[in-house]
Amino acid sequence: MKVVVDFDLCASTGGCARICPEVFEVRTDGYLYVLQDNPDDELRDKVVEAAENCPTGAITIED
Amino acid sequence: MSDLQAQLEEAGNMITVPASWGTFDEFHAKLALLRKHDPVHLVNAPDHYPFWLLTKNADIFEIEAKSNIFLNEPRPILANVEADDHTRNNGNMLRTLIHMDEPDHAEYRKVAADWFLPKNLARLDARMSELAKQSVDKMSDLGGKCDFSRDIALQYPLQVILAILGLPETDYQRMLMLTQEMFGNADPDLQRGTTIEDLTQVINDFFIYFSELSASRKSTPTHDLASTIANGEVYDKPLGDVEMISYYIITATAGHDTTSAAIAGGMLSLLQNPDQLKRLQDDMSLLPTAVDEMIRWVSPVTHFMRTATEDYTIRNTTIKAGESVLLSYPSGNRDEDTFTDPFKFDVGRTPNRHLAFGFGIHYCLGAMLARMEMRTFFNELIPRIKTMELAGDYAHIHTTFVGGLKRLPVTYSLK
Ligand code: HEM
Ligand code: SF4
């Protein structure tokens with residue numbers, strides 16, 4: 001699974017980080033960091049949930 | 001009925017009574033009782049269709065994240081039976097983002113989303129600083145004494161919104177009145193009246209005003225949010241009239257009273273906690289966490305609602321398809337299981353998992369703007385404070401939906 005964030009869309013809401021902190025983190029600089037681009041499959045459900053709840057549709061999952 | 005049961009029932013009913021928001025501390029004490037004893041509480045209050053009151057941070061979060069099951073329509077905010085029936089029979093007067101679900105919601109949200117991205121908001125920096133400085137200068141001009149809520153906190157966010165929409169300062173008073181009446185329609189000090197006809201009149205005034213604006217921005221687009229909305233497209237077609245006017249109304253109103261309430265309530269908290277004010281003055285790098293703490297503390301939006309499309313069980317209670325839940329943000333933001341010392345105002349609080357801006361697909365469109373406004377304002381004010389004190393009784397607006405202080409008398413000496 002590959003996680004891609006469109007940083008032109010991301011509004012740094014931190015929503016994804018609350019659902020899946022293993023993959024997403026919003027740091028004090030106000031930006032979102034993707035901690036792992038290719039997370040293990042066991043995180044798939046959480047990453048999908050994060051993507052579905054992103055208010056700007058910035059997260060996509062490839063394969 | 002046992003004492004506790006009676007207390008819980010009263011606490012639940014309070015959510016439907018506008019005056020209870022005015023009792024701020026008592027309101028919070030009752031929410032704490034519900035969190036402890038009945039976090040998924042059925043409210044069967046006079047004059048209201050029943051709903052489940054959710055008071056735990058984790059539960060509000062869970063429901064908001066399930067936007068495929070819990071919809072905003074047909075009951076996005078609390079209304080009495082008469083108003084709910086009116087909407088059911090006549091449809092909504094407005095159709096804003098909060099009245100929409102997928103797929104429409106995402107499509108309509110895209111129209112303005114760009115405007116609110118941090119990188120685009122950065123353009124507003126200079127104008128915002130100028131407005132913040134003017135506000136603090138005005139405090140100086142008022143000679144060491146003012147109603148901080150009415151004279152300062154209510155004005156600055158509206159000026160920012162006017163700047164974003166690209167409206168002239170001469171429209172200021174009119175917009176101020178309309179917003180206040182729309183949200184303050186339960187407060188005896190602000191309202192034009194209480195009936196549905198009165199509210200319809202307020203909305204009609206907005207309609208006329210924004211229709212004219214929209215026509216002018218269509219013929220001559222300028223680089224402002226009003227032009228973006230006027231020329232907005234959904235599903236490759238121009239925005240419909242109702243949706244367009246609704247878009248103006250939601251940006252104008254949602255961006256105004258909320259931020260005003262957070263600024264005034266934040267100021268009050270700093271005055272009530274001089275150690276925290278001092279801490280911030282000594283280390284202005286705490287400003288971002290201080291602003292989020294103010295927003296948590298005040299929670300200017302008291303709730304949104306969702307309606308279940310299928311049976312859903314939460315904390316062993318089943319919400320049936322067709323039943324509604326009310327998400328109490330002020331309660332979620334004082335949850336003992338989520339926050340250390342939730343009743344302590346802490347300008348350095350990290351992490352701060354408050355839900356004041358909601359969560360998920362409806363997450364507040366203006367959250368970054370609101371934070372930026374507040375940081376800019378307090379960045380100007382805090383370093384200039386020599387002394388500042390409460391100077392009499394403060395008062396909260398009466399509402400079941402959005403609002404904060406309507407009166408905050410202060411005395412001060414500024415640099
Ligand atoms: C401290 C200030 C503010 C607070 C506490 C606040 C709070 C909220 C909340 C709780 C929601 C609903 C979220 C949900 O259903 O999950 C919301 C939605 C919204 N807010 Fe704010 N807000 C603030 C400032 C603003 C500002 C400055 C604007 C900008 C004009 C704004 C525009 C909106 C809009 C357009 C929505 C609807 C979003 C949607 O349904 O997709 N808000 N806000
Ligand atoms: S939820 Fe979406 S907008 Fe919010 S931080 Fe994550 S990617 Fe960015």
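Trainee: Where in chain B is B:Cys364 found?

Mentor: B:Cys364 sits in the loop between α17 (329-332) and α18 (367-381) of chain B; helices here are DSSP runs of H or I, at least four residues, numbered from the N terminus. The model is predicted, so local features need pLDDT of at least 70 and side-chain atom pairs count only at pLDDT 80 or more, while totals for chains, interfaces and linings use all residues. Residues are numbered from 1 along each chain as its sequence is written, chains are lettered from A and ligands numbered from 1 in the order in which they are written, and side-chain values use heavy atoms, without hydrogens and water.

Trainee: Why is A:Ser12 called buried?

Mentor: Buried means under 20% relative accessible area, exposed over 50%, and partly exposed in between (1.4 Å probe, protein chains only). A:Ser12 has 13%, so A:Ser12 is buried. A:Ser12 also has a positive phi of about 55 degrees, although not a glycine.

Trainee: And what makes B:Tyr235 partly exposed?

Mentor: The relative accessibility of B:Tyr235 is 41%, so B:Tyr235 falls in the range in between. Its phi is positive too, about 45 degrees.

Technical notes: Helices (H or I, at least four residues) and strands (E, at least two) are DSSP runs, numbered from the N terminus.
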